[in-house]
Amino acid sequence: DLFTATADLQHMLGAEKNIVPVINDYIEAEQERLEQLKKFAEEYNTRNAEAQEVGTEFVTNPINAFLLIKRLTSEWRQVEEMMRNNHAHRFIKNITVRREENEVKFPGEEDLSGAAIALLRLQDVYKLDTHDLANGMIRGEKVGHKLNAHDVFEVGRAAYNAKDYYHCLMWMQEALNRLENENPQTIEESEILEYLAYSLYQQGNVRRALTLTKKLARIAPGHPRARGNIKWYEDRLDGKELQGDLPPVVNKRVEWDGIPERDAYESLCRGEEKKPTPEEQRKLYCYYKNDRPFLKIAPIKVEIIRHNPLAVLFKQVVSDREIAVIQDLARPKLKRATVQNAVTGELEHASYRISKSAWLKEMESEVVARVNRRIGDMTNLNQETSEDLQIANYGLGGHYDPHYDFARKEETNAFKTLGTGNRIATVLFYMSQPDLGGATVFNKLGIAFFPSVHDALFWYNLKRNGDGDMRTRHAACPVLLGVKWVSNKWIHERGQEFTRPCGLDEDVYERFVGDLSPMHRPI
Ligand SMILES: O=C(O)CCC(=O)C(=O)O
Ligand SMILES: [Fe+2]
């Protein structure tokens with residue numbers, strides 16, 4: 001699939017460019033063929049005109065009779081042949097071969113529905129209006145093309161296929177509105193009506209479903225399902241509620257989609273943060289970190305974002321050149337991100353994590369090794385047991401729903417093979433800055449962090465007694481506009497016995513990065 005990473009989507013522009021010469025060559029070949037056919041027609045015409053002039057006597061002449069027969073047999077076969085000799089297959093084959101040889105990346109059905117579902121996700125999270133989106137508007141700005149009725153219908157159809165009748169209804173209604181002003185129309189009204197009726201029914205409005213289906217039967221008398229559907233909706237109504245005004249359309253979003261904290265998460269994505277109290281604010285500060293030999297000459301700027309649990313931002317810790325090298329190394333390796341099934345322990349694709357990622361080993365490049373060393377200097381944590389550097393590129397509406405980076409007690413299979421214990425801390429480098437959206441949000445803490453390129457966010461996932469810190473539940477919000485690249489380093493427990501010793505009580509927390517104090521001392 002292409003839609004899960006913008007790095008791959010960019011290849012599609014090449015595919016579109018490739019199509020133009022193919023269509024043009026095809027048109028040229030066809031024009032030649034049609035010219036020849038025209039010549040045949042002209043010849044038939046002149047010869048027939050002569051014959052008509054002579055009249056019925058024309059065929060009493062054996063030579064003429066022979067020629068006429070020939071024209072209607074062997075010559076006609078030639079014409080037939082030429083009519084059938086459409087060159088389409090040759091050109092289509094050409095494109096198919098190139099697709100298979102992967103010279104050009106072509107999106108498939110999965111990409112079309114993935115892109116449509118991405119629009120719906122963005123619409124919900126960022127509260128975007130269907131009509132505005134269909135006009136190419138995001139947050140009052142024109143960012144893209146206007147969609148025609150067929151485009152809008154296609155989005156609605158993807159919602160329907162995902163059994164998402166809430167969005168199906170909105171988009172089918174919009175498709176219908178658009179169709180009214182179209183000339184020529186890009187889709188048949190009857191197609192829209194069938195979907196619209198069904199989603200109205202699913203959203204609890206059987207009477208409107210029935211009314212629309214009756215209209216469908218009227219405008220498309222031969223429709224294969226209209227009659228049956230009318231009967232079906234009538235049966236649902238069971239003769240009741242047939243009189244009076246049609247009930248208003250109430251289109252409610254499905255409340256349960258597997259994310260218990262959905263509303264809180266989405267509002268954070270929109271930047272609706274819980275503001276820190278003046279008291280909390282007073283305790284936030286920046287400092288130069290120079291507690292390691294290398295940092296004496298190149299201190300690192302640290303910004304404390306919040307306390308207990310501590311979250312900090314390391315400022316300007318990766319350069320443009322390093323980012324470019326890392327992206328170039330990662331690009332050919334990008335694979336759709338997987339998530340671990342909590343029950344089976346298997347890795348699988350999931351709609352709640354849309355991105356592509358790659359792992360980079362230290363041996364692959366001095367740049368990767370250098371970044372790893374820097375992480376040691378940033379965090380004071382032992383890097384020998386860390387995972388390789390993970391690079392992620394988010395795709396259309398790319399996101400990662402709320403999750404923990406550490407393995408919970410019940411997830412016994414996680415990280416077992418590594419033998420390095422749980423993920424004690426996370427470093428998240430921002431390697432690009434999306435134009436809109438794409439925040440990292442901590443929904444329990446009520447903070448949203450909008451990517452700032454070159455910086456890295458850092459937090460401890462485990463408490464000082466080794467238990468997972470449930471307050472670190474976090475998510476990557478969908479990218480609304482632009483490109484999001486991040487790079488993660490997951491640091492493990494093993495080897496941190498001296499770099500992050502256990503605290504004396506369960507609530508001990510760091511007041512700054514690398515704070516070794518064993519006591520709980522609130523600030
Ligand atoms: O991309 C982000 O903002 C967060 C990514 C994340 O949480 C993860 O990959 O575990
Ligand atoms: Fe995460």
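Colleague: What makes Lys163 count as exposed?

Modeller: Happy to start there, and please keep in mind that this is a predicted model. Lys163 has 9 other C-beta atoms within 10 Å. A residue is called exposed at 12 or fewer, so Lys163 is exposed. Lys163 sits in the loop between helix 7 (149–161) and helix 8, and its phi is near 60 degrees, a positive value in a residue other than glycine.

Colleague: And why is Arg139 called exposed?

Modeller: The count for Arg139 is 12 C-beta neighbours inside 10 Å. The cut-off for exposed is 12 or fewer, so Arg139 still qualifies as exposed. Arg139 belongs to the loop between strand 1 (137–138) and strand 2 (141–142). Its phi is positive as well, near 50 degrees.

Colleague: How do you know that the buried residues of helix 12 are on the same side?

Modeller: Those residues are Tyr265, Glu266, Leu268 and Cys269. Because they cover an arc of only 160 degrees around the axis, they lie on the same side of helix 12. They pack against helix 5 (109–125), strand 11, strand 13 (436–437), strand 14, strand 15 and strand 17.

Colleague: Which strands form the open sheet, and in what order?

Modeller: The order is 11-17-14-15, with antiparallel pairing.

Colleague: What makes strand 11 and strand 15 the edge strands?

Modeller: Strand 11 (400–403) and strand 15 (447–449) each pair on one side only. From one strand to the next, the twist averages 15 degrees. Helix 12 (residues 262–269) packs on this sheet and touches strand 11, strand 14, strand 15 and strand 17 (474–476). The direction of helix 12 makes about 135 degrees with that of strand 14.

Colleague: How do you know that strand 14 and strand 15 pair?

Modeller: There are three bridges between strand 14 (residues 440–442) and strand 15, in the antiparallel sense. Pairing needs at least two bridges, so strand 14 and strand 15 pass. As a landmark, Phe442 stands opposite Ile447 in strand 15.

Colleague: How many bridges join strand 4 and strand 5?

Modeller: Five, between strand 4 (residues 300–306) and strand 5 (residues 311–315), again antiparallel. Glu303 has Leu313 in strand 5 as its bridge partner. The two strands form a hairpin with four residues between them. In the turn, Asn308 has a positive phi of about 40 degrees. Strand 5 also pairs with strand 16 (residues 456–460), antiparallel and over four bridges.

Colleague: What is the peptide bond from Asn308 to Pro309, cis or trans?

Modeller: Its omega is near 0 degrees, and the bond is cis. Pro309 lies in the loop between strand 4 and strand 5. A cis peptide bond also joins Asn183 and Pro184, with omega about 0 degrees.

Colleague: Last one: what surrounds ligand 1?

Modeller: The shell is Ala392, Tyr400, Asp405, Leu428, Thr440, His474, Ala476, Val486 and Asn488. Strand 17 and strand 19 (485–492) are the elements that give two or more residues to it.

Colleague: How many of the residues around ligand 1 are nonpolar, polar and charged?

Modeller: By class, the shell has five nonpolar, three polar and one charged residues. Asp counts as charged, so Asp405 is the charged one in this shell.

How values were computed. Residues numbered from 1 in each chain as written. Chains lettered and ligands numbered in written order. Predicted model: local features only at pLDDT ≥ 70, side-chain atom pairs only at ≥ 80, totals over all residues. Axes fitted to C-alpha atoms, helices over the stretch in contact; angles between N-to-C directions. Contact = placed C-beta atoms within 7 Å. Near = placed C-beta within 6 Å. Buried ≥ 20, exposed ≤ 12 C-beta atoms within 10 Å, placed from the backbone. Arc of directions from axis to C-beta.
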